[in-house]
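Hi,

Here is the structure I promised to pass on. Have a look at it first, and my notes follow below.

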Amino acid sequence: MPRYPLLATVAVAALLPLSAAAQSMAPGMHMPMPTPSPKPDAKPTSKPTRHATPRATVHRAKPKTNRAAPPAPSPEHGQMDGMPMPPAPASTTPSPPAVSADQNSTTPDMPGMAMQAPTTGAATPAPLSHAGHATDAPMDPNMPGMAMPPATTGSATPAPAAHAGHNRTPAMDPTMPGMEMTGGGGAYAAGSGTARLPAAEGAMHGLHFATGGWMLMLHGYVWSVYTDQGGPRGANEAYVSSMAMLTAARDLGAGVHLQLRSMLSLEPLMGPRGYPNLFATGETADGANPLIDRQHPHDLFMELAGRVDVDIAANSSVFVYGGPVAEPALGPSAFMHRASAQYLPDSPITHHWFDSTHIAFGVVTAGIATPHWQIEGSAFRGREPDEHRWNIETPKLDSWSVRATWTPAPAWAVQVSHGKIHSGEQLEPGVNEARTTASVHYAHGGLSTTLGFAIKNKQPGRSLTAWLAEANWDLDRHHTLFGRFENVANDELFPNHADPLHDRTFRVSKLEGGYAYRLKVAGPVQAALGGSVGVYAKPAALDAVYGKFPVSFSLFAKLSLGH
């Protein structure tokens with residue numbers, strides 16, 4: 001048996017014996033009520049004692065004439081037709097004696113099926129809600145209206161309590177590989193940094209497990225891509241991009257929650273010039289010449305940060321996030337963390353308008369969070385990473401940003417942000433930038449979309465705007481369609497001062513669409529095989545350099561932990 005299904009089977013068998021047995025019962029099946037701790041020397045008996053609760057298998061027995069008849073179960077007990085229910089004992093009645101753990105009961109409705117009476121050891125406390133109150137007993141899905149007491153084990157660890165407003169809250173059993181950790185009690189899903197995404201988009205999948213009081217999540221991917229960017233300025237190249245994340249979270253007590261994050265990439269191995277991407281600009285490969293029509297590689301250290309949340313009310317918390325490598329509160333979640341872009345092999349040509357600050361050396365963010373609102377502000381280093389991709393640059397706090405995010409329903413996430421970036425470009429050290437972004441994210445079923453607008457105002461300089469639309473549609477368990485449309489005003493396409501087109505602004509549009517075939521490899525490991533085609537619309541002044549109608553295409557194989 002494969003490793004992960006075996007681990008999941010063992011975990012379920014160990015943690016949920018009573019729930020599994022209850023859910024396997026058909027309607028109308030008689031089940032004995034849980035009893036207190038059994039006495040080791042108890043002997044089976046075929047007749048109930050004077051003070052014992054009548055067993056479900058002895059439903060023909062009549063009460064003694066000198067005792068009051070048990071009252072009929074009330075509607076809230078959820079009695080089903082044909083299913084006798086034991087009477088609810090009064091608070092003054094002594095606890096009944098235990099039934100032996102090895103004593104089986106056979107129901108008359110299902111001949112030959114023996115049910116072992118559940119036993120209790122050191123009882124685990126019932127899970128708590130955010131406010132600290134015991135939650136309602138879980139309902140048996142096969143027995144409508146019947147409340148089932150939670151199964152207990154001798155020394156089981158209580159399930160973590162849900163804290164609305166925290167992106168650290170697990171929704172599934174973290175010991176089961178491949179299960180996801182969702183945020184905000186289902187109000188939103190966590191994106192990159194402190195960004196939020198629609199809850200319906202689902203949390204980041206991967207390998208989840210618990211150890212020593214910590215809940216760990218491992219996620220990552222490896223892309224193998226061959227791209228042919230069309231036109232005279234295009235190029236063809238095969239490259240590999242990658243990302244790995246390890247997140248550790250735990251409760252510190254008294255409403256304080258800690259999360260530690262790391263994210264790394266081996267993209268520096270592809271070389272300082274990155275990979276071809278027509279009409280993309282930003283950063284440098286050698287410290288002297290800008291990258292034009294290419295996407296720069298990400299640094300080895302993409303995130304080394306921590307977050308502390310402190311509950312201030314039942315549905316509110318304050319938090320502090322940051323580290324030597326982190327993401328400030330500016331723009332939407334970075335493109336590699338949006339479900340709408342998960343199979344688009346090339347980075348957006350609008351990357352430096354929306355989410356280029358997702359790697360910043362030195363970030364401190366503080367904010368207040370509720371399930372449906374998050375208001376936050378950041379201080380960070382404005383300079384983008386240099387051409388040395390293996391190191392951590394000196395952190396600074398010379399720039400700032402603010403962001404408001406609204407998650408009104410599980411399908412929606414809306415953010416608006418503004419920031420002042422000090423000396424962002426290495427080749428333009430005297431130019432600052434004011435950047436404003438707005439984005440709307442929608443997710444429902446297998447569809448995830450992003451629509452965004454951004455404007456960056458170079459100081460001194462002109463204002464440049466960009467539009468972005470992305471969509472990813474999982475048709476079924478194997479087939480996915482995806483696409484992206486971008487429109488951007490760019491004045492960096494001709495960096496040579498002697499070029500007659502130098503410093504001119506050109507508005508360019510790109511439309512890209514593609515298909516991916518998804519398949520499961522083993523456990524949480526999944527693969528996707530696919531490709532995309534991109535076409536462009538541009539001013540006629542660029543025809544001599546880019547060609548009249550350049551067409552690009554990419555083929556890829558993606559291996560990832562989770563979907």
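**Strand 13 and its neighbours**

Strand 13 and strand 14 (residues 373–380) run antiparallel to each other, with seven bridges between them. Strands here are DSSP E runs of at least two residues, helices are H or I runs of at least four, and both are numbered from the N terminus; two strands count as paired if DSSP finds at least two bridges between them. The two strands make a hairpin, with three residues between them.

What about the faces of strand 13 (residues 363–369)? Val363, Thr365, Gly367 and Ala369 are on the covered face, while Val364, Ala366 and Ile368 are on the uncovered one.

Before the wider view, some housekeeping. This is a predicted model, where local features need pLDDT of at least 70 and side-chain atom pairs count only at pLDDT 80 or more, while totals for chains, interfaces and linings use all residues. Residues are numbered from 1 along each chain as its sequence is written, and side-chain values use heavy atoms, leaving out hydrogens and water.

Overall, the chain has four helices and 23 strands. Of its 563 residues, 46% are buried (under 20% relative accessible area, with a 1.4 Å probe and protein chains only). Among contacts (heavy atoms within 4.5 Å) with a separation of 6 or more, 63% join residues 24 or more positions apart.

Cheers

Conventions: Buried means under 20% relative accessible area, exposed over 50%, partly exposed in between (1.4 Å probe, protein chains only).
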